[in-house]
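Here are some notes to read alongside the structure, written for someone who is meeting it for the first time. Please keep the model open while you go through them.

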Amino acid sequence: MLMDTNPGSVVNLEVSNGNRFQYLFIAFAASIHGFSYCRPVISIDATHLKGKYRGVLFTAVCHDANQQIFPLAFGVGDSENDASWSWFLHRVKSVFGSNPALVIVSDRHRSINNAVQEVFPQAFHGICMYHLLNNLKTKFRNKTKELEQHYIRTAKTYNLQDFHVLFYTLSSAVPGVKEYLEAVGLHRWTRSHAPSRRYNIMTTNISESLNAVLVKVRELPITALVNEIRLLCQKWFHERRTKVAGCTTMMSKDVEMKLEGRKDRAQAMGVICADQYTFDVVDGDRNYCVDMALWTCTCRKFQLDQLPCDHVLAVVRKTPYEAYDFCSLYYTREFWHETYRGVINPIPHISSWTTPQQISEFELQPPDVRTVAGRRRKRRLPSMGEELPTPKCSRCKERGHNRATCQNPIALHPTDEAGCSSSNLPTHQPIHPSDQHSTPQL
């Protein structure tokens with residue numbers, strides 16, 4: 001029925017022996033059309049389902065022109081293993097193709113790595129830098145502060161010279177981390193060494209955010225889960241299509257704000273012209289070479305993000321060049337509009353469906369899973385190195401326990417924020433009704 005109401009959508013159902021459910025894949029026609037107008041960087045992830053038959057929900061998402069989550073495909077499988085990830089990514093490839101510039105970003109799950117190498121051998125497979133940071137925190141537990149201080153800057157820097165300086169500082173602060181990160185592969189977690197353009201997508205945060213949105217519906221049966229996903233995507237597409245219609249700028253709203261901030265910083269920079277295309281930009285105590293013909297700057301932010309950096313905007317301010325002429329089409333209002341041109345149509349009530357006989361006679365059996373004694377787990381297990389928030393007691397206001405297990409003594413006269421005890425506060429004696437209208441004595 002989903003394919004009938006949304007022509008062009010792809011739904012694949014695979015069953016095992018005995019007609020038992022095994023895999024499900026869904027990609028809406030609106031998402032298939034919109035991906036052509038998004039940057040070719042796909043974030044993939046999987047999260048556990050909490051229903052009777054358990055399983056996992058696979059997701060593939062990317063960024064739209066306004067830096068918002070754009071859902072591409074969803075899948076359901078038994079667990080995160082080589083077979084299920086390979087099946088899901090094969091369907092993603094058959095629907096969305098394999099762009100030579102395609103980049104896939106994920107965590108370091110071994111099955112994901114095996115499946116990407118099998119299905120997308122030509123694509124660059126990058127690692128989420130925050131997942132890797134959590135792995136580092138687990139391995140180097142006594143150097144957590146130093147890791148957080150130096151690792152993020154090292155991973156995010158665009159310039160190779162800056163990377164070497166930052167990486168040396170990180171290696172000196174945390175002995176042994178240099179060998180560990182080199183074994184992982186510098187090109188997989190750093191922006192400066194990536195062989196393909198990752199734009200500004202260094203994490204799988206968009207996948208984690210989508211998982212958080214779907215946290216409640218993951219308890220539902222698969223049919224209800226699919227319907228809730230459709231409703232969510234239908235709502236998002238309508239709201240963002242309306243938002244694009246109200247946009248009057250050349251670029252998306254997020255990009256316009258980013259450019260305005262860079263223009264402000266560019267005002268303090270000096271520009272020295274070499275010829276009509278090449279410029280020397282003085283930024284504080286450093287010089288940067290900008291080539292407007294080749295779309296390059298020695299800071300490397302211009303060519304890697306395909307968006308004018310501070311130094312390019314400094315050149316634009318001094319020359320007849322237009323900043324919008326040096327922005328990738330992926331950031332434009334036109335591409336943003338085309339991304340959400342498709343409509344995800346509603347599905348009527350089941351009572352009005354016209355079901356083919358071969359489908360009505362087919363009896364799909366639930367997956368064959370082993371039932372575990374006890375209550376089903378609702379909360380996920382934390383990842384390695386992940387710090388979960390500690391509970392706060394509503395009785396004593398301290399962290400690490402709750403009201404039911406609190407054993408701390410409570411003061412009889414608690415003090416307020418100013419340090420005054422409630423027993424020392426002035427009291428007001430009630431006025432007797434007979435005294436309200438008494439005449440004072442002369």
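The points below take up aromatic pairs, salt bridges and a charged patch in turn.

1. Please bear in mind throughout that this is a predicted model, and that the positions discussed here are numbered from 1 along the chain.

2. The structure contains 22 aromatic pairs, and one of them joins F163 and F167, whose rings are stacked with their centres 5.2 Å apart and an angle of 15° between the planes. Both residues belong to helix α7, which covers residues 160-173, and they are four residues apart, about one turn of the helix. F163 is buried, because its relative accessible area is 1%, and F167 also counts as buried because its relative accessibility is 7%.

3. F167 takes part in another aromatic pair, with W189, and this one is tilted, with 6.2 Å from centre to centre and 55° between the planes. Since F167 lies in helix α7 and W189 in helix α9 (residues 186-189), the pair ties together parts that are 22 residues apart in sequence. Both F167 and W189 are buried.

4. How many salt bridges does the count come to? The count is eight, and among them is the one between E14 and R91, where the closest N and O atoms are 3.7 Å apart. This pair links distant parts of the chain, with E14 in strand β1 (residues 10-16) and R91 in helix α3 (residues 82-96), 77 residues apart. E14 counts as partly exposed because its relative accessibility is 28%, and R91 counts as partly exposed at 21%.

5. Another salt bridge is formed by the side chains of R286 and D162, at 3.2 Å from N to O. Because R286 lies in strand β10 (residues 286-291) and D162 in helix α7, this pair ties together parts that are 124 residues apart in sequence. R286 is partly exposed, with 34% relative accessibility, and so is D162, with 24%.

6. A salt bridge also connects E334 with R333, and here the closest N and O atoms are 3.5 Å apart. E334 is partly exposed with a relative accessible area of 42%, while R333 counts as partly exposed at 23%.

7. Finally, please look at the surface, where K392, R395, K397, R399 and R403 gather in a patch of positive charge. One of these residues, R399, is found in the segment after α16 (357-360), and R399 is exposed because its relative accessible area is 55%.

Note on methods: This is a predicted model: local features need pLDDT of at least 70, side-chain atom pairs count only at pLDDT 80 or more; totals for chains, interfaces and linings use all residues. Side-chain values use heavy atoms; hydrogens and water are left out. Patches are made of residues with over 30% relative accessible area and no salt bridge: like charges are joined within 9 Å, nonpolar side chains (Val, Leu, Ile, Met, Phe, Trp, Tyr) within 5 Å. Accessible areas come from the Shrake-Rupley method with a 1.4 Å probe; for residues, only the protein chains shown count as cover. A salt bridge is a side-chain nitrogen of Lys or Arg within 4 Å of a carboxyl oxygen of Asp or Glu. Lys and Arg count as positive and Asp and Glu as negative; His and the chain ends are not counted. The place of a charge is taken as NZ of Lys, CZ of Arg, CG of Asp or CD of Glu. Helices (H or I, at least four residues) and strands (E, at least two) are DSSP runs, numbered from the N terminus. Buried means under 20% relative accessible area, exposed over 50%, partly exposed in between (1.4 Å probe, protein chains only). Rings of Phe, Tyr and Trp (its six-membered ring) pair if their centres lie within 6.5 Å; planes under 30 degrees apart count as stacked, over 60 as edge-to-face and the rest as tilted.
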